[in-house]
Amino acid sequence: MLGIIVWTIFIAVVVNLILKKVHLPTIIGYIITGTIIAYVFDLHNAVNNHDLKEIAEFGVVFLMFTIGLEFSIQHLNKMRREVLFTGSLQIVVTTLFVFLICMFILKFDYKTSLIIGAALSLSSTAIVLKIYNENGEIKKPYGRRVLGILIMQDIAVIPILLMISIFSTGDDKSIFNIIAHTTIAAAILILLLYVVGKYLLEPFFEYVSESKSEELFVGSVLLIAIGASYIAHYFGFSYSLGAFIAGMMISETKFKHQVEADLIPFRNLLLGVFFVTVGMQINFNIIINNIVTILILLPVLLSLKYTIIYLLVRIDDTKRVAFKTALSLVQIGEFSLAVLELARSNSLIDPTYSQILIVTIVISMILTPIVLKNLSSLASKLVPDDTLQIVDTLQVDKDTQGHIVVIGFGHLGQEIVEKLKLEGRKYYIIEHNMKYFKIGKDNDEPIIFGNAASKTILNSVNITKSAATIVAIDNPEKLTLICEVINDLTHNSKTIVKVGRNSEAKQLERLHLEHIIIEDEVLSQAIVEETRSCSLPNYRI
């Protein structure tokens, strides 16, 4: 066993070093590692080992715990539309479409059809949130959409597992008992975690920190994360749901940053184990024997999920946000594998169909990191901004000078404008997105509709006579293009831009920008300052 572990680590390191050369994420490296060791050491059946499954699942548990740290109860309340409306509709509509296809085209019975539909409605929490967490996109509008839908999917695992239990028993009395038990368990779980989180967590961490022992603090963090997961599992819910709730409770305390820092090594290690087990489920014999079915099934499933999610998000958001959200969630997720395996073990789905679906799911998961890495560039090329002809365009006096030009009236632009108002500064806004332009018009803002990459639009707000130009957009490609045009007019001497990472700042070096705000640096500094205010031992800062 030790030899297998050593070889697994060696292969993972070598494969990921090679993939890093071509800028591919480590997730793919871990999956490839799992496939290699499954064939070299004949471990295809080992992936069904209960203990290994639980260890691997705790990678997702710690991921959900750290996600919960970023989203307090108040924050989650603001996302209730994304969670309850969009998330619920996505699951229901996807399940219904797949159910109808399985029932009337593939001629499956209704139980099998419903289970397959429910399983395929889920997406990969582990892959999507890991990548979004690393690149900071979790805080962007489409990141909030994605998170809301994934939270609802995680909650939906409970009724899906309940449905499998009901289909397995078939006894009316047992069905009633299962539903009653689940309802009571949910009420007890929520009450228990709420009381612990509100009244016990902060005093507990304060007491532990007074011991001035790093080991005790780390042990306490693990106790809370794993304990909450175990309690949720004890009451019949998923491990990750309990961890997410625990993370939200800790986010209300002053220890959230320290807890997150201590937990990241455990999260990354166990997530690696999880993705290795995903790779172990790749069986080339099944792929070869059913290659035609898989080649048809994979694009059909991905297209179906993309269309459903895009249309649902498009109800109240822009084309670009809908595109990014849908493309991020087209894959089928890790919980789907568990659902199909449970259904197979209860004779609710044919083993051959189950294997074909599992291989298709794993392939969709492998494709996801590549898609997410190129998400912004794909959106820029494939999805134009929402544009309409505007009749009542604002006219700026040619003598205007000393004003601020704000490019972009999204969430960041709106915050900037509020601060400018408080300071009594004169400003003009340029926006090319119809949704945000309408928000500005409704609020009687001095906003101009147009593409800021056009010199005509920039000259219309007297940009050469302005005191400063603030570029408040998230798209790196579009930001670079706008700065290139501004550079021709003002040499960017008064341009202020915000980028996410140092790598994005380096791409702007040739444009004479003197005022670049790097989000990661600002956030890390804020976290350090916040940590200094915590009642923790000095050596932990």
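Phe205 is a buried residue, with a relative accessible area of 0%. Keep in mind that this is a predicted model. Phe217 is buried too, at 1% relative accessibility. Under 20% is what it takes to be called buried here, so Phe205 at 0% qualifies, and so does Phe217 at 1%.

Now for the rings themselves. The structure has 11 aromatic pairs. Take Trp7 and Phe10: their ring planes stand at 85 degrees and the ring centres are 5.7 Å apart, so this pair is edge-to-face. Both residues sit in helix H1 (residues 2-21), 3 residues apart, which is about one turn of the helix. Trp7 is partly exposed, its relative accessible area being 47%, and Phe10 is partly exposed as well, at 49%.

Back to Phe205, which makes a tilted aromatic pair with Phe217. Phe205 belongs to helix H9 (residues 172-209) and Phe217 to helix H10 (residues 214-234), so their pairing ties together parts that lie 12 residues apart in sequence.

| Pair | Centre to centre | Angle between planes | Geometry |
|---|---|---|---|
| Trp7 and Phe10 | 5.7 Å | 85 degrees | edge-to-face |
| Phe205 and Phe217 | 5.6 Å | 40 degrees | tilted |

So what separates the two labels? Planes over 60 degrees apart count as edge-to-face, while those under 30 count as stacked and the rest as tilted. That's why the 40 degrees between Phe205 and Phe217 reads as tilted.

Key: Residues numbered from 1 in each chain as written. Predicted model: local features only at pLDDT ≥ 70, side-chain atom pairs only at ≥ 80, totals over all residues. Heavy atoms only, no water. Phe/Tyr/Trp six-rings, centres within 6.5 Å; stacked < 30°, edge-to-face > 60°. Helix = DSSP H or I, 4+ residues; strand = E, 2+ residues; numbered from the N terminus. Buried < 20%, exposed > 50% of the residue type's maximum accessible area, 1.4 Å probe, protein only.
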